[in-house]
4 protein chains.
Amino acid sequence: MISFTCDYNEGAHPEILRRLQETNLMQVPGYGEDEFCESAKQNIRSAAGCPDADIFFLVGGTQTNATVISSMLGGCEGAIAADTGHIGVHEAGAVEFTGHKVLTIPQKEGKIEASALSGYLQSFYADESCAHMVQPGMVYISFPTEYGTIYTKRELEDIGRVCRQYSLLLFIDGARLGYGLASRSCDLSLKELAGLCDVFYIGGTKVGALCGEAVVFPKGNAPKHFFTSVKQHGALLAKGRLLGLQFDTLFRDGLYFRISRSAVDAAERLKDVFARNGIELYIDSPTNQQFVLLDEKTRALLDGHVLYEIWGRVPDGRVIARFATSWATTDSAIDELEARLRTGAQSCRP
Amino acid sequence: MISFTCDYNEGAHPEILRRLQETNLMQVPGYGEDEFCESAKQNIRSAAGCPDADIFFLVGGTQTNATVISSMLGGCEGAIAADTGHIGVHEAGAVEFTGHKVLTIPQKEGKIEASALSGYLQSFYADESCAHMVQPGMVYISFPTEYGTIYTKRELEDIGRVCRQYSLLLFIDGARLGYGLASRSCDLSLKELAGLCDVFYIGGTKVGALCGEAVVFPKGNAPKHFFTSVKQHGALLAKGRLLGLQFDTLFRDGLYFRISRSAVDAAERLKDVFARNGIELYIDSPTNQQFVLLDEKTRALLDGHVLYEIWGRVPDGRVIARFATSWATTDSAIDELEARLRTGAQSCRP
Amino acid sequence: MISFTCDYNEGAHPEILRRLQETNLMQVPGYGEDEFCESAKQNIRSAAGCPDADIFFLVGGTQTNATVISSMLGGCEGAIAADTGHIGVHEAGAVEFTGHKVLTIPQKEGKIEASALSGYLQSFYADESCAHMVQPGMVYISFPTEYGTIYTKRELEDIGRVCRQYSLLLFIDGARLGYGLASRSCDLSLKELAGLCDVFYIGGTKVGALCGEAVVFPKGNAPKHFFTSVKQHGALLAKGRLLGLQFDTLFRDGLYFRISRSAVDAAERLKDVFARNGIELYIDSPTNQQFVLLDEKTRALLDGHVLYEIWGRVPDGRVIARFATSWATTDSAIDELEARLRTGAQSCRP
Amino acid sequence: MISFTCDYNEGAHPEILRRLQETNLMQVPGYGEDEFCESAKQNIRSAAGCPDADIFFLVGGTQTNATVISSMLGGCEGAIAADTGHIGVHEAGAVEFTGHKVLTIPQKEGKIEASALSGYLQSFYADESCAHMVQPGMVYISFPTEYGTIYTKRELEDIGRVCRQYSLLLFIDGARLGYGLASRSCDLSLKELAGLCDVFYIGGTKVGALCGEAVVFPKGNAPKHFFTSVKQHGALLAKGRLLGLQFDTLFRDGLYFRISRSAVDAAERLKDVFARNGIELYIDSPTNQQFVLLDEKTRALLDGHVLYEIWGRVPDGRVIARFATSWATTDSAIDELEARLRTGAQSCRP
């Protein structure tokens, strides 16, 4: 049985495990004050072109979103997100649990459009009763989005312009950042992305690490007491070395980008397999997540051999299925998927 | 330079790293639904003698305390803790951040006494305005305490009796549980401890794991939707295998207890070293944390050679210093400490 | 200048002021333990046909919603509401501030349909990742709704059936309850309404009181420590007599229903005026709030003479205007409105 | 039966009721945008000597404390208060419910000393682990305190100096502000008090109003979106006129100060009565609350005739009893109290 259900089905990239082993008995301070964290921060600052950045390592995505959002918003401010945004759907209300509302606006293939954002804000401030409503304080976008799509540089610039016009912060959830930047369709670099927002995070969990997300405040603009906020949110790892060493490994010689690229290449191969076998894309994603429409017959072929995730259903009855690749996806796994799909084609022959 | 500053200065027990390596490429589901978590749960249920226990793996102690406490308390209930209790002091207000007050009562060497608890509750309910006050909902104790001390079986039974009398839950923070159970002074087993409380957790981070705490509801009494609460608190690890595999390793053949015992043995050796060198104990701790009083001369001897943590100061000017041992503490480290202390004795000779 | 902007433009019904005066120097206990509160509770229990009801008097609607919802929901549960529901729109995120998400579903003229609710819940529980999402815990409806519409008895029964099927609480926000029950279209009594939900509140602020909302748990089913929760939410009035006396006055001889009826009658007169003057209804509301579409010309006629509230705009450019009546609305005010509208008709004549 | 249990046993000062009556049918906007609020603000700005002050009217003390504190503190900051401070004891954890810890320091007769505050802060910042603790963000004091005592101008200046040194806000809870300023021992004016803090509130509920507290940001320094925060905390009254008119009445010709003075005079008379009748003061309070020690015999004399509040018990068994006066306390009530006490003296004679 092979699994394409998500990009965290395996453990960590072998180089990470090797270094964990190698450094295991070194005695270092806790809570991120170790040399691995320090080195990782320098590597990230360099890769992101922001030498003054404040950087913090947290453990997982939901806790990162809740910590960043609640630390940066004022008391009665909310975060604007696409109605498919992860914070509003699959994080069990973690943001609301910190007291802040997620304000949703419509999306296209997971993306917010600057014009929709601007329209929302115009209506909001035109409403005489807007002082009785949650105040917009931040725009949250994911890059890539929950549907694997990515923003162009121009689109991000436009969103950034609206944010500045309305004094909103721009936060980019980069749980799968590597896969976005490594996409063949991506027209912006990590440095450019860092320059376009107020805060973003670099996902480790879904890009080769056992766990870990690196929060970057590009202009050294971490909110006051952010370290304490991380602790308060239960997001401070005692053995911070585990996070530091992983990000140090991922960012010291471009490993993060190489493994992201390899996952995107695998996804492109998947796309070819789907095309060759008459399987329709639900969304044309340029990153490591592929969304296709599967009919019952195809599902039966895969049953017991290939795992994937079901995201919903379209009116004609087909399911929306997600296939995710990662640094660990092998050619042979993709071959096996294609072989399964072809058994269907053959069995149709007389 | 050797460090006794805490029990999380090193990485993980080598057997854990070995198994991480061994299982790295296995594809398993996320969020704790993997086979390692399942096996770890069975091993813990067996070790704790509670076959019906609900068990959840979280990442760190502060997040575990906040998640457990806020999930089990009613809206206007608080948790009673010793005024030295970790939740009230060093967790950056994580419990209050979830909306619940920590109600403090006096302690002796880090321990709550049943009589003090009972007195507090009697006064509370005798107060005509008690409906205007935070309602007691739970008693939180740490085992061992922040001062390395442990409760006797009798003391826990007495506290449990007061809890039942006042319909309070009893929660045992076992961040260092192994060191308590492995103490030569401990007169209760894990099974007995599990039988005496409503919920407890088994600390991994400080007892040989890279991270991880196992929350145990011994009677299958997890609050409704607890899995979702864990997610909501940002405490659900995507690659749950990391936690499952560690606890499976620690609990499948008694490793947890063996390494705890070895740390306690090292602490007893430390105690002997202190005694032989005229260093006074601040508290007589039977576990892996030792608290001693160091004068300026002694501190100068250790300076640059031995690290420890400063916890405060007594009126005569000496500092309260904590020395912690762990599974990784070596005999040679203790020898080196003694050698440093002896240089002082020698230098006094004419 | 006359105002129809809302139903709280005036002070209190004169009988309330008279009794405030009359009882002013009586010395009574604070925090709702006075004889007026007691008498008011008895009168409400009797009017609502629930002799065992727990009743609490709070000051305003938003605080009542937040207190009731957060006290009754479990930690990771949310309240389902129409996407026009007051709690999700005009309460500044007060519910989210208590940590709970408002889960919105589509509405028709402000009302939730049982089938839409049921469909939402079916989809929710069919979603494999539903444990990662906010759990439905309660259905919140307003009676009358924010658009002045009311549920039929049958509709409420159907919603109640879905609630029971999915173990959800049903909470009715009755900020304008009187106007709903007094509507000519209303086919259910206060007793029937009380029997159909788990908790509701009787609005005073918008129905003749200076302030005050009476929360009713019809089956004596107030959550544990609810009094303390009220205090914790800052919703406990020190001089509870102010609330008790007002509700006692409103409910001791049917005043609440009489003044509600008089407001609804005034609204019906308004409707006639609009019809006679060619002003289109936006929604056909059977209660004290009337929503009409005003073009620029009509708005110019009213300008400087009649105040109303603007709720939005339809595509043809006309504004949606709300006209609210209350116990204090006079015939002469309505006459004056009509006179203004007629000046327009006259000015059009050649 | 006469009652001295609290200063909110009666309704409102008659002048307030008179004006409520007089203005009842005026149509004014809701939510504090009415002319009474505007006039009240001007009167308060003038009385407090701060022409640029931002002023908001809230309903009650607990909600005011929670709203002000949570709106002004950063995410992981707490409020320092005396361990007898109202926010830490009798507000049902309302501050913690907003996510902020109350940090307590010892007090003397309800008052914080600048030296104790300074010592606390020195220790806090000297602690190596202070980044893991709740950060001090504000000092909360009550004037008068919960024990009726008041700070001298010098004491407030000293506290203010420590606050500035450590960048802490200073918040004065003036639930009984009038009684403090009217005290014969008070050496500072409202203007001076306003100049010494960042925010304070003027209590109405306990000083002649039916309800209402006026929050004053003396330098126009209200936090961003404070109006929305008030709404979010459920503290925004729809019929804001009720609050505006009351404060307008209290502050337009010095009524607030006159009735406060009259209550303090009554308290001084009470003190004389206690002295003449051999009843020991527990605390020598210069304001409207008097704390005395009552033995069983005295309590028996008062039983059934005079009500007071019990605050605790001293070791010799006597209870600490609070007697509060207000604008409504009559000479005859005090005479009656003395008459009761004398029956005891007489009955002792042979």
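## A surface arginine and its partner

B:Arg18 is partly exposed, with a relative accessible area of 40% (buried means under 20% relative accessible area, exposed over 50%, and partly exposed in between, using a 1.4 Å probe and protein chains only). B:Glu15 is also partly exposed, at 23% relative accessibility. These two side chains form a salt bridge, their closest N and O atoms being 2.9 Å apart (a salt bridge is a side-chain nitrogen of Lys or Arg within 4 Å of a carboxyl oxygen of Asp or Glu). Both residues sit in helix 1 (residues 14-23) of chain B, three residues apart, about one turn of the helix. Helices here are DSSP runs of H or I with at least four residues, strands are DSSP runs of E with at least two, and both are numbered from the N terminus.

A word on the model before going further: it is predicted, so local features need pLDDT of at least 70 and side-chain atom pairs count only at pLDDT 80 or more, while totals for chains, interfaces and linings use all residues. Residues are numbered from 1 along each chain as its sequence is written, chains are lettered from A and ligands numbered from 1 in the order in which they are written, and side-chain values use heavy atoms, leaving out hydrogens and water.

Side chains of opposite charge can pair when their charged atoms come close. Over all chains, the rule gives 96 salt bridges. One of them joins B:Arg322 to B:Glu309, with the closest N and O atoms 3.6 Å apart. This pair links distant parts of the chain, with B:Arg322 in strand 13 (residues 319-324) and B:Glu309 in strand 12 (residues 309-313) of chain B, 13 residues apart. B:Arg322 is buried at 3% relative accessibility, whereas B:Glu309 is partly exposed at 27%.

Over in chain C, the side chains of C:Glu155 and C:Lys111 meet in a salt bridge at 2.9 Å, N to O. C:Glu155 belongs to helix 7 (residues 153-165) of chain C, and C:Lys111 to the loop between strand 4 (102-105) and helix 6 (114-126), 44 residues apart. C:Glu155 is partly exposed at 29% relative accessibility, while C:Lys111 counts as buried at 16%. In chain A, salt bridges that share partners join A:Glu15, A:Arg18, A:Glu22 and A:Arg252 into one network.

A:Leu190 lies in helix 9 (residues 190-196) of chain A and is buried, at 6% relative accessibility. What does A:Leu190 contact, leaving aside its neighbours within four places in sequence? Its contacts (heavy atoms within 4.5 Å) are A:Ala47, A:Ala48, A:Leu177, A:Leu181, A:Phe200, A:Phe251 and A:Phe257. A:Ala47 is 143 residues away from A:Leu190 along the chain, yet their C-alpha atoms are separated by 7.2 Å.

B:Glu338 is found in helix 14 (residues 331-348) of chain B. With a relative accessible area of 8%, B:Glu338 is buried. Apart from its neighbours within four places in sequence, B:Glu338 is in contact with B:Val273, B:Arg276 and B:Asn277.

## Where chain A meets chain B

At this interface, 47 residues of chain A are in contact with 47 residues of chain B. The two chains bury about 4,000 Å² between them, 57% of it on carbon and sulfur atoms (buried area is the accessible area, with a 1.4 Å probe, that two parts lose on being put together, summed over both). A:Gln27, A:Phe97 and A:Lys239 supply 19% of the area that chain A buries against chain B, more than any other three residues.

Elements giving two or more residues to the chain A side include strand 1 (2-3), helix 3 (61-72) and helix 11 (241-252) of chain A. Helix 1 of chain A gives the largest share, four residues.

## How the copies are related

Chain A can be laid on chain B with an RMSD of 0.0 Å by a turn of 180 degrees and a shift of 0.0 Å along the axis. The two copies are thus related as by a two-fold rotation axis. Superposition is by least squares on the C-alpha atoms of residues with pLDDT of at least 70 in both copies. Because 100% of the interface residues of chain A are also interface residues in chain B, the copies meet through the same surface.
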